[in-house]
Amino acid sequence: MSKITTELLLERAVPRSTRLRKIETLNLSKLQLKTGDLDPRLFSRLRHLQKLDLSDNLLDKFPNSLTLPDLRVLNCNNNKLEDVTALKQFPLLEELTYENNVYLTLNDDYKVMFLLQNLRLLNGKDITKLANHVRRVNSRKLTSKVTAHWEKFFRDQLPEKYTPEQVKSIKKKFLKSVQTNVVYGPSSLSEFTRWRVKMIAEEFLAYSLGLELSSDSEAEEKTEENEEESTESPREAAEDVAQVVHIYDPLVTVTPSKRKRNHSKSSTGNKRSKTQANTEEEAAVNPKKSSRVEDDPAPDKPRTSNQPVKEETPEQEAEGTQKNGEQFPKGQSNRRSSQMTGEQKSQEQDNGVVALTPVKNSKRKEFFSVAWTTLTMVISDSRKKAHNILAAAGRRGIVKLIHVAADFCYGEIKAHKKPIATVCFSPTQETHLFTASYDKRIALWDIGIPDCDYNFKASQLLVLETASIPLRIALVPTCPEQYLLAGCENGCFAWNIKLDKGQKSRPFEAIFQFPDEESMTTSHRVDGLAFLNDDVVVSKSSKPGCIYLWSWSRSFDAKGKGCQRTMSAVILAELEWSTTDMSYLTLSTCPAREYVFCGDEKGSVWMYNLSSHTTAWGSAKGKRSERRISPTQILQWPELRVNGEQPPEILVNNVVADPAFTYLVVLTSVNITAIWKKS
């Protein structure tokens, strides 16, 4: 029986009402409501409802026919929503909040901005300008790309007189190909882009060929994903481009590697309830298998591969977990097979052109960020040995701890209720891990040291409250145990992280303002942040064509009192960079060689050797460089071919160099990782 009745609706109206049709404001928060409790027949009588509060419930989606034609304000905070597309049934919606829904990401924000033409405020933020860009500029560019893809690859495949079966076949192939090969914007928005591309492609086919639009695109998509693969045309195979491409200068070696997708959905036992989601002070974790810590198989030799640890299926995980999903029974192994099957490798070198023979790609996106530490662990006979540990975190808000030499994921920490954007270890405390999440919090964890049976205890030490989503974090090199910097969606912030202060949850201590077109501003997206040396900070914000270098010591007033102070960044120089308006193309540094790296929207890598400038900046009266510093070198993306076809547009999301600057690793938007070796 539904929890919602006519009497309840009348009672929860603000103010109380005697008739449903007179209710304009309704508060249905904190009622433990599930999706099935929202009866469309009952809600259809709320013809004049304008404000609806459904916060702090258990909703995982919205019914498609609630019929609230006048709804203007909707609050869905603290639910379990997994999809937002049903909100299109509220076309007059102006204000929407759905914070603390663990399964919703930035892609869902963009979906509602497109679907709700009147939306002004999303999660308390004015999105008018961004929404207009999404609805117009983004749609225009995607439409152009979809049309070009049809003209180039599919137009000639359709005969002048075609049968319904031929049209159906072409449509299926086109939709599959266009969603894979049409790329626009950062990889963090790839889910939204794929969703819009499919929508545009279906509209294009409906207009060009007189086809009906799909009524159940979700069911169709699932059917396509589960079909057995048969022989593919070169264009279809292009979507399966290999994940890893190793590029060495001047020669090129290609190593494709794929992982089979797990189609089953996560079990409900793994979803966190509201009480479970509250961040625990301690998380006691038992091992996933009964095994003793082993010596590294070849400690002096580099590993030939660094492939992710094999994940358990949701069914296996649910069977072997307690209610909080953290404890695992002994005797259950999570060691992956040492050999991979079904992998095809091919390389061809012809005047620098690389040809790939790909295998099927996994569409499941799990991890967003990884970080390394070295722990001194107890092995057999009570001996101690240093082992490299990898922390991997992402969409589920969980940190996986992996003993790399043993190829074994020995535990996990439920760190946040929303996805984790980035992680980093303290350079001075080997067990201290910072996690920055979409829940607008940065947490400091002590991950503990596992014993010989992989038992360990993780505890939360600190929570830093941010004003917006943290994208990049960096510890101040001269005082890594006292200050942390974060580049966020709405500015650059600093916190005092000293653990002897006693206060466990802390607001930011300072926000930095930077030059805008006319004045100084604190409100801008900072999607790139790193230290070039002990004092010089490198940051990239929403100002086109520009990367800032600024002084930490001259910008931050450590002697000032109070929190949430505004401080002006003392700019040392500007680096000339791409004029693209795309965000989330982040930067990195190589302090030992005084280099800065940043990729762009065309697959190029901009490199800046700043060794001739740092001495002048380090002086007490160091002045700002008057002109923008041009890149020392721009590495162009190599010409690649997948079964004879060039891959789609390539964005460089991240660039990282090893400390000695021997290798340069480039991560792209199309599942290709390129490695340059310095000649």
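1. A charge counts as sitting over a ring if NZ of Lys or CZ of Arg is within 6 Å of the ring centre and within 35 degrees of the ring normal. Here the charged end of Arg196 does that with Phe114, 3.8 Å from the centre of its ring.

2. A word on the source: this is a predicted model, where local features need pLDDT of at least 70 and side-chain atom pairs count only at pLDDT 80 or more, while totals for chains, interfaces and linings use all residues. Residues are numbered from 1 along each chain as its sequence is written, and side-chain values use heavy atoms, leaving out hydrogens and water.

3. Just after H6, Gly210 has a positive phi of about 70°.

4. Strand S26 (residues 528-531) is covered on both faces: Gly528 and Ala530 are buried on one side, Leu529 and Phe531 on the other. S26 runs antiparallel to S27 (residues 536-540), with 4 bridges between them (pairing takes at least two DSSP bridges). The hairpin joining them has 4 residues, and Ala530 stands opposite Val538.

5. The whole structure has 25 aromatic pairs (Phe, Tyr or Trp rings, the six-membered one for Trp, with centres within 6.5 Å). Trp637 and Trp676 have centres 6.2 Å apart and planes at 70°, so they are edge-to-face (over 60 degrees; under 30 is stacked, the rest tilted). Both are buried.

How values were computed
Helices (H or I, at least four residues) and strands (E, at least two) are DSSP runs, numbered from the N terminus. Buried means under 20% relative accessible area, exposed over 50%, partly exposed in between (1.4 Å probe, protein chains only).
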